[in-house]
Amino acid sequence: MMNSINIKRTVFAGALLLCTAVTPGVFPQQPSQRLSRDTLIATARETIGAARYCALITVDSKGRAHARTMDPFPPDENMLIWFGTNPKSRKVAEIRRNNRVILYYFDREGAAYVTISGIARLVNDPLEKARRWKDEWKAFYPDREKGYLLIAVTPQELEIVSEKKGIVGDAIRWTPPTIKLGSGRPRDTQKTLPKR
């Protein structure tokens, strides 16, 4: 019986190894060239646009993460991202306690994702709220003065993977290409491996 289990494990391990050799897009691989900051940001913007919605992840007072789907505005020229929400929502209470958040965009068709780590701030300015409004939200916010609040996320770090564009993670640690935003320079997470 034990011999049968060991044989099954060996066959499974061999099949998994074969899959990695035959289908390189399924597993992390090393980019063949160093990609520029501008290329990574442009691809991130494209992925964000294709994803349309994103997950906003916050942390509660007990350290538990909470994710919810959001309908964001496109990032501005500095990658600042805006959302509308209800001021009585759980996310607002959590941001008041801990303003560090994660945004996660996933584009299934492009086999791509973007993760943004940033600092959220709550904005109740009437002019800003008028600028950042979508007519399809009328049913959710019947009282736009008191029942509508903005969240602005200032990004600190961006991670990007796009198989279609050849932007993939480190082959050993599975670390995606990462950019520190606001610092003017990308963090070096791309190492070129020699071709085999």
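Does Lys 134 count as buried or exposed? With a relative accessibility of 14%, Lys 134 counts as buried, since the limit for burial is under 20%. The model discussed here is predicted. It holds ten salt bridges, and its largest nonpolar core has 26 residues.

- Lys 134 and Asp 71 meet through their side chains in a salt bridge, with an N to O distance of 2.8 Å.
- Because Lys 134 lies in the loop between helix 4 (126-131) and strand 6 (149-162), and Asp 71 in the loop between strand 2 and strand 3, this pair ties together parts that are 63 residues apart in sequence.
- Through salt bridges that share partners, Arg 52, Asp 71, Lys 134 and Glu 136 are joined into one network.
- Asp 71 also forms a salt bridge with Arg 52, in which the closest N and O atoms are 3.3 Å apart.
- That pair links distant parts of the chain, 19 residues apart: Arg 52 is in the loop between helix 2 (37-51) and strand 1 (54-59), and Asp 71 is in the loop between strand 2 (65-70) and strand 3 (81-85).

- Asp 60 counts as buried at 10% relative accessibility, while Arg 64 counts as partly exposed at 46%.

**Two residues of helix 2**

- Thr 43 is found in helix 2 and is buried, its relative accessible area being 5%.
- When neighbours within four places in sequence are left aside, Thr 43 is in contact with Ile 160, Ser 162, Lys 165 and Ile 167.
- Glu 46 is likewise found in helix 2, but at 40% relative accessibility Glu 46 counts as partly exposed.
- Glu 46 and Ala 112 are separated by 66 residues in sequence, and their C-alpha atoms are 9.7 Å apart in space.

**Nonpolar cores**

- Within the largest nonpolar core, of 26 residues, those with the most contacts are Phe 83, Leu 103, Tyr 105, Val 114, Ile 116 and Leu 158.
- At least two residues of this core come from each of helix 2, strand 1, strand 3, strand 4 (100-107), strand 5 (112-123) and strand 6.
- Helix 2 gives the most to this core, supplying five residues.
- Leaving aside neighbours within four places in sequence, Val 114 is in contact with Ala 44, Thr 47, Ile 48, Leu 103, Tyr 104, Tyr 105, Leu 158, Glu 159 and Ile 160.
- Another core, of ten residues, lies apart from the largest one and has Leu 80, Val 123, Trp 137 and Tyr 141 among its members.

Conventions
Residues numbered from 1 in each chain as written. Predicted model: local features only at pLDDT ≥ 70, side-chain atom pairs only at ≥ 80, totals over all residues. Heavy atoms only, no water. Salt bridge = Lys/Arg side-chain N within 4 Å of Asp/Glu carboxyl O. Helix = DSSP H or I, 4+ residues; strand = E, 2+ residues; numbered from the N terminus. Buried < 20%, exposed > 50% of the residue type's maximum accessible area, 1.4 Å probe, protein only. Contact = heavy atoms within 4.5 Å. Core = buried A, V, L, I, M, F, W, Y, C linked by side-chain atoms within 4.5 Å.
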